[in-house]
Amino acid sequence: MRFRVTLALAATAIAGCTGQLGDRDSSQTGGSGDGDGGRGGGGVTLPDGTESVSLLPARIRRLTNAEYAASARALARTATDPSGSFTPDSRQDGYTVNEAQRVDPVLAKQLAASAEALAAEVKGKLAEFAPCADQGAQAESCATDFIKSFGGRAYRRPLETAEIDALLTVYRVGAKGATYADGIELIARAVLQSAGFLYLTEIGDGSSGAALALTPHELASSLSYLITAGPPDDALLEAATTGALSTPEGRETEVRRLLQTSAARDRIVRVVREWLGIDRIAMTAKDSNVYKDFAGVRPSMELETAAFVNEVLSNATGTVGELLGADWSVLDEPLRELYGASGVGRVSLPDRRGLLNQGAFLAVHAHATETAPVLRGVTVLRRVTCNDIPSPTELNINVVPPVPDPSKTTRERFSIHSTDEECRSCHNYIDPFGFSFEQFDGMGQLRATDNGHKVDSAVTVAMGADIDGAYADSNALAHALSTSKTVRSCFARQVFRASAGRSGKSAAESEESFLRAWEAAPEAEQGKIVETLVTYVKSSLFSHRRPQ
């Protein structure tokens, strides 16, 4: 009975939330995004130079697994990982923060099981969460206090009267014929499966017009999840209450404060990993007959990425240039041995510049038994230079992999692509990037030979950009990428896509608007990860939406 009540309440809440957005959209479709002189309609005035048509559309999005875990831990005051067994997040353009996340039947069961376990923890700490001197006469009053505090934390805003009344009904069901503690437990289960907890809204306060200003609590939640992947803290909620987040300067103050936290650094590490696809290192497998040491060193590769990005942020320039061009990294003993480095900790690595020459990138973008110059090349081309080269499927080309030939190097085998009339137009761009990494094998270890022949990593890049030139190998190429304006601009686009949770044609105008704001910043600031985030949060692209 209690289980059915909890799920029913959650379903009702979700339906009400999405229905609210739909009603709001229908009342605003008459508003035009053009010719309003920067005014959003309904009393909303956008900053000079901003047009409502460039704003992102209003939406409701589900928390990612990482965001859910951080939110549940904060709410239930637990150290467990509530989302550890959840189905993987859906991705858009490689990023987990997006509007494609759904609650399917499998995830619904996982959420119910997680809510049950967390609610039991809340019940076990009743004196901490819902103290009540008289659990007889004062029980409902105590339950109401718990609903306001626990529910307000869960929904990241003050609860409305109807929401309090609904949860009080849940309490009565749980406590009937049972105890006060049972009623509190059922409230927690209902809240942890409700839309108010599982979803973030970006819909404003219901005013009509061509632009919607996010509410103060929506701004607080959006800012907190953007920077820390978790719920807003007390200081941020206070800033929402006082109206401080309504100004770019107020939002900047809070962003810079939050960026000092370990949660913010973890969030940036996650974005960097998703940017280059290296978050998949934990799931990457190799043929143990070919790469017998890979399984033992794989956890160290995962640790290296986090330690390196944190070091770039905390004790270096904090730029994309350093992410790609640093001649050092942070190693443990297994990686020291694999890399042939002089020690552990932060050490000089002149032969492994930046993320692209680290084990995680090289192993993820390789096959189980050999290197993958096409995978490596396409990843650099698309993710680092933002050259959206089409896939063979889009071009209706059936790709047949080169036949294994022990008498040839991988480069010699894959060079056939550039001689094929259908393939050469793309592979003339892909292959130079991919072949530059051939001095590294499929698990990222340096090698001098391939199938008994000397490895050739020399390439010439010719794509009509500031990275054109001849390079001896991927280290020389990484140095060029690290100083490239094209790459800095691409990274700004990637930060926007990861932050906004949007990409593609639907967000093209918004992305261009953000890039103009980013280009207006001093050139010395443009490559800095933190300053790029600050630019986005200060812009109206963060604080306003347009009706869908």
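Cys132 is buried, because its relative accessibility is 13%, where buried means under 20% relative accessible area, exposed over 50% and partly exposed in between (1.4 Å probe, protein chains only). The model is predicted: local features need pLDDT of at least 70, side-chain atom pairs count only at pLDDT 80 or more, and totals for chains, interfaces and linings use all residues. Residues are numbered from 1 along each chain as its sequence is written, and side-chain values use heavy atoms, with hydrogens and water left out.

**Disulfides**

- Two disulfides are present, a disulfide being a pair of cysteine sulfur atoms within 2.5 Å.
- Counted along the chain, the bonded cysteines follow the pattern 1-2, 3-4.

**Cys132 and Cys142**

- Cys132 is joined to Cys142 by a disulfide with an S to S distance of 2.1 Å.
- Cys132 belongs to the loop between α4 (126–129) and α5 (139–155), while Cys142 is in helix α5, ten residues apart; helices are DSSP runs (H or I, at least four residues), numbered from the N terminus.
- The torsion about this S-S bond of Cys132 and Cys142 is about 75°, so the disulfide is right-handed.
- Cys142 is buried, at a relative accessible area of 10%.

**Cys386 and Cys490**

- The sulfur atoms of Cys386 and Cys490 lie 2.1 Å apart in a disulfide.
- This link of Cys386 and Cys490 is right-handed, with 80° about the S-S bond.
- Both Cys386 and Cys490 are buried.

- Cys423 is buried at 15% relative accessible area, and Cys426 is buried at 11% relative accessibility.

Methods. Helix = DSSP H or I, 4+ residues; strand = E, 2+ residues; numbered from the N terminus.
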